[in-house]
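Look at the structure first, then read the points below.

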Amino acid sequence: MEKRWQEINGKADAFLRRLLYRIEHEEPVSPEWYDALNHQRAFDYRQAYGRLLRHKRLRRIRRWSVAVAIVVSLSGGWSLLWMKGKPTVPEAVPVAKAADILPGGKKAVLTLADGTVWNLQDSSMVLGNATPQIRVDSLGLCVLGDSLTDMQAWNTLAIPRGGEFYLTLPDGTQVWLNSETTLRFPARFAPGNREVELAGEAYFDVVRDRHAPFVVRTQVGEVCVLGTEFGISAYAEENMSATLVEGSIRFDANDGNSAVVCPEQRLTYDAEEGTITLEKVDTWIYTSWREQVFCFENRRLEEILTVLARWYNVEVSYESEALKALKLSGTMDKYKEIRPFLQIFETGTDVKFEIRDRKIIVKRKSVHLID
């Protein structure tokens, strides 16, 4: 997987956290770890950032904003549109004029165990008393709990609509949090027990510890891992899902159902029906939101706009229920204004989008659709 600047900038810190965690738990540390430490000392983040900017410009031209495929399935008819090169939008079907709807950004609300509330963005600060417990910088939030930290002290990090945030837990585990997401986590993990509570969507890169499995608790069940990378979507109004990039995870539902997920598999759990579904997928489609893009493949328009509504903090309404079932595909830069992406969806389909303030109204161009 291509390196992200966010990971490059935080690589040294995450590495040191993992090394200290191993030493604290008296786990063997191989010579490769010390070689990596020396490599980090020689890491020039300014040069790396410059190279990344050049690479991102090329990548954005060649990949993210280059190819868009729209597949439409409605009333038994199929329409296929392939767009190559940088997307262009015919002036014949413009989205209604309105103020730009800009993307979300880094913001969160942190509630500490003592009830103190902090609004977090890009500013740097240290939260805590004589012994710093939590640090916030341009990368995100890092929990610095030590052996004196109260394990019963739980903090809550809430991401609003139009927000995202990055978190490093006390053991070095990295967490990317999406819009409308809440994560509860302890100031320090108890020996042999690493648990967090999630409502919303997050991506975890878990530090491996054979003596302390990592558990993510959701409203409908829990995901247990030893050390892996995976994404979880656990919004209250949607079916819970987990997408495994590498490693192994097990999902245990509250109703007793259980399943083991293998790499490149996606688990979906329907709490009302009590059913678990496993399917092989391209994991990037479901984890691309942390790679600065949204990728949709043959997804219902209702699902696509639900994702975008959280990130752009807008409301969506539909002229007819039939429009919600429209199947579309597309990839967009999540840090761009939303209008060009909607214009692409208008091309070759019978749908149009009207924007009024912060509300998107989904309509049909013609009247031949039957609800």
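In this predicted model, 46 residues line the largest pocket, and those nearest its centre are Ser233, Glu238, Asn239, Ser241 and Arg266. Strands and helices both contribute to that lining, each of the following elements with two or more residues: β13 (194-205), β16 (229-234), β17 (240-246), β20 (265-270), β21 (275-280), α4 (283-287), β22 (293-300) and α5 (301-312). The volume of the largest pocket is about 1200 Å³.

**Largest pocket: make-up of the lining**

- Among the contributing elements, α5 gives the most to the lining of the largest pocket, namely six residues.
- By class, the lining of the largest pocket consists of 18 nonpolar, 14 polar and 14 charged residues.

**Cavities**

- Three cavities of 30 Å³ or more are present in the structure.
- The second largest cavity holds about 60 Å³ of space.

**Second largest cavity: lining**

- The lining of the second largest cavity comprises 10 residues, and Arg135, Asp137, Leu139, Leu141 and Cys142 lie nearest its centre.
- Three strands, β7 (132-136), β8 (141-143) and β10 (163-168), are the elements that each supply two or more residues to the lining of the second largest cavity.
- Five nonpolar, two polar and three charged residues make up the lining of the second largest cavity.

Definitions and conventions. Residues numbered from 1 in each chain as written. Predicted model: local features only at pLDDT ≥ 70, side-chain atom pairs only at ≥ 80, totals over all residues. Heavy atoms only, no water. 1 Å grid on protein atoms, 1.4 Å probe; cavity = no way out; pocket = protein on both sides within 12 Å on 5 of 7 lines; lining within 4 Å. Points joined across faces, edges and corners; volume = space filled by probe spheres on them. Helix = DSSP H or I, 4+ residues; strand = E, 2+ residues; numbered from the N terminus. Nonpolar A, V, L, I, M, F, W, Y, C, P; charged D, E, K, R; others polar.
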